[in-house]
Amino acid sequence: MTKRLRWLLVVLATVCAAVWALVQLLRGGQDASGVSSIVSMVLTSVGLVLALAGYESTRRTVPQPVDALQHARSAAETLAKSLLAAEERQLRALVGRDEELLSVTFTRRPDGGSSGAGPDRGQLTSSGPAASGDLPDIVTYYRSCTKPRLVVTGAPGAGKTVLSVALVRGLIEGRQPDDPLPVRVSLAEWDMKDSFDELLTGHLIKAGTSEERATWMVRNGFVLPVLDGLDEMDPGLTDADRNPRRGPDGRQLPDPEAPRALAALKVLGNHGAMVSRFPLILLCRTRHYDALPSGSHLEHAVRVDIDPMDHGRVVEHLTTVFRGEARWLAFVRDLPAHPVLRRALTTPWWLLLLKAVYHRRGDPSELFGCATERALKDRLLSLFIPAVLDLRPAPYDAARVRDWLGVIARHLRNGPGAGERVDIHRPQLWPIAGPARVRFCDSVAAAVVFLALTLPLLLFRESPAPWLFGTVGIGVVLLVWEVSRQAGDRPPCVPWGRVFSGATLTLVIDTLPVALVLSVLGGLLALPAAWLAGTFGLASLVSFLPALGVLWSVLMGVRGVTGPGVTHAFTGTYAPDVNAAVRWRYVLRGDLLLGCAMFVAAGISIVMGRWVMSFSDELVLSSVPVPDVVTFGLVAAALQWVMVFGGGRRYLVFLLCVRGRLPRRLGRFLRWSHEGGLLRTSGGAYQFRHRELQQWLDAG
């Protein structure tokens, strides 16, 4: 509920109370008790306005820009620690068990007249046996550029992700209190309807901070976005039959008129008070970036292109990692005589894949029998999953792992019009079982939960009013209709240890006062409605108004839970790895906690609504028995809770609908895949380790 709407409702209630008081005074004939009731109602309305004003003032937690700057600095310092730990885990998963960084080098490439200046060449790291002593590492290179804007391009598998993770880790380690915090952000699924600041704020929330702190950081320039996935925002070129147009290397050609990528570059080229001073790092495939019109390239930026690895560096790296192993010495000795394999290993991705496949056992020289590059890559990819299982034993077999990952890969291929997706969000995988199937099964499950909550209120009472059974029936119909239309992609989540925490306290502070204030509206609006109904001779409506007033009070009261309660209490409950945080029991815990808050708010609303309506001479509260009124209000609260908060229920329905196609403990499987190097993380989402792995699994 917006601030404007809150004030509109309060003003409307105040006007209704004033009109009712004026009508009562003009009618005259009140005794002392009646005058006291009128005065109490007027004072209640004034108190309602003052209460809302006080509530709004407490929401202004940062009244001065200086305070916001200090809070943003503190928030960045706190978030940096968790991001550093996450990036170190990510780098280890990308590099491999030997933890030996590749000797990746890059060369500055002039790109337009307004580009920045920097050293001619650089390298991933200045340490290691193959590192060049005269080249700066990636962190030193970035800091020595004349402008804080860097574009990194490279061939598929050239090492852009490893370079970006190493850069983020190095910048965080050497960060000063006033330096912006580097945060890796995926552009692939950026909804261009959202502003760039909203994109950054959303990713900071996923990274483990609250919405308020994320807003402070973005507004005060404490974010250094590291943007990946520009080449994944649009589909490639197709022919007249919508078949992919491929180049000599077999890859789909990029679209030079890629609308989303061009729109993103336009936004980035105009962001900030002074564009040249707004720091950012952009990663993209060379072919995709060069295919775009040169005038659309990022201005005021230094562009570097990752160099292919030469044969000498490949040999030196393998010799260092597998020192003294005869199988690897023989492989290195015979490698120059096999151009197909030698050419493939100039790409870091295939070199890392080679190490992972033959790290413990097997003879890499068997790859010399692959006559074509396609056969070589298929062979390495087919051995990758068994090698991961060998290094990280799990209760899965290679065939099942491949099938499960293939299901996810095909789900990503069947994406929206933006083309093939890359981000894997576990709460968004439910369409795998069929969108209609999960929606309808979830609507049935929601109806069962709703009936389980409401029928005991009716069946365990003596002679409940018949209209209550009709109300429950209408509620079931509305519930099935609404739930069948929901997506449920972002369920509220309460990680372990946060039920009795500051987030819960924030929920209580944000919901109960709002319920206290807004629930009065139902009773206040019932007063003039009763007078008008009595004037026009609608006695039956007057007799039912106490129940309708309580219903309105409950609906207004629980709005505080579905609105600011969730927004301000649980936007910061996602850990740096959002998929690790969103577990079924965490989501279910969030549903139950928010349900408790809604029923408490409903109880307050029932009491306040009845109390306000007691001031009316027109309403006869006894026309609807108190048990029926309470039951009516609780039915309304149950309907709202089951309708709005069902992430845990839908995930359970999804697992039942998809059984056999995905593992029963999907979250554990995805975490194992990430730890084994099959998946990586980017912006709080899982991604396949490489696009070629995703496409190979999709085709399998």
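**Conventions.** I am working with a predicted model, in which local features need pLDDT of at least 70, side-chain atom pairs count only at pLDDT 80 or more, and totals for chains, interfaces and linings use all residues. Residues are numbered from 1 along each chain as its sequence is written, and side-chain values use heavy atoms, with hydrogens and water left out. Helices (H or I, at least four residues) and strands (E, at least two) are DSSP runs numbered from the N terminus.

**Record.** I looked up the unreviewed UniProt entry, which lists "transmembrane region" for residues 38–55, 440–459, 465–484, 505–525, 531–555, 592–612 and 632–658. UniProt positions are given in the numbering used here, feature names are shortened, and annotations may be inferred rather than shown by experiment. I checked two of these spans in the model. Residues 592–612 are 100% helix and 0% strand, with end C-alpha atoms 30 Å apart. For residues 632–658 I find 89% helix and 0% strand, and the end C-alpha atoms lie 37 Å apart.

**α16 and α23.** At what angle do the axes of α16 and α23 cross? The axes of α16 (residues 435–459) and α23 (residues 647–657) cross at roughly 130° and come within 9 Å. Axes are lines fitted to C-alpha atoms, for helices over the stretch in contact, and angles run from 0 to 180 degrees between N-to-C directions. Angles under 35 degrees count as roughly parallel, over 145 as roughly antiparallel, 65 to 115 as roughly perpendicular and the rest as oblique. α16 and α23 are therefore oblique to each other. From α16, Arg437, Val438, Arg439, Cys441, Asp442, Ala445, Ala446 and Val449 meet Arg649, Arg650, Val653 and Cys657 of α23 (contact means heavy atoms within 4.5 Å). I note seven nonpolar, no polar and five charged residues in the contact of α16 with α23. Ala, Val, Leu, Ile, Met, Phe, Trp, Tyr, Cys and Pro count as nonpolar, Asp, Glu, Lys and Arg as charged, and the others, Gly among them, as polar.

**Ala445.** Ala445 lies in α16 and is partly exposed, at a relative accessible area of 22%. Buried means under 20% relative accessible area, exposed over 50%, and partly exposed in between (1.4 Å probe, protein chains only). Not counting residues up to four places away in sequence, Ala445 touches Arg649 and Val653. Val480 is 35 residues from Ala445 in sequence, and their C-alpha atoms are 9.2 Å apart.

**α17 and α22.** The axes of α17 (residues 466–483) and α22 (residues 626–644) are 10 Å apart at an angle of about 10°. That makes α17 roughly parallel to α22. The contact includes Trp467, Gly475 and Glu482 of α17 and Asp628, Phe632 and Met643 of α22. Its residues divide into eleven nonpolar, three polar and two charged.

**Covered helices.** In α25 (residues 691–699), seven of nine residues are buried, among them Arg691, Trp696 and Asp698. Their cover includes β6 (280–285), α13 (348–357), α14 (373–391), α15 (398–413) and β9 (685–688). In α13, nine of ten residues are buried, including Trp349, Trp350 and Lys355.

**His674.** Is His674 buried or exposed? His674, in α24 (residues 666–675), is buried at a relative accessible area of 12%. Leaving aside neighbours within four places in sequence, I find His674 in contact with Gln90, Ala93, Leu679, Arg680, Thr681 and Tyr686.
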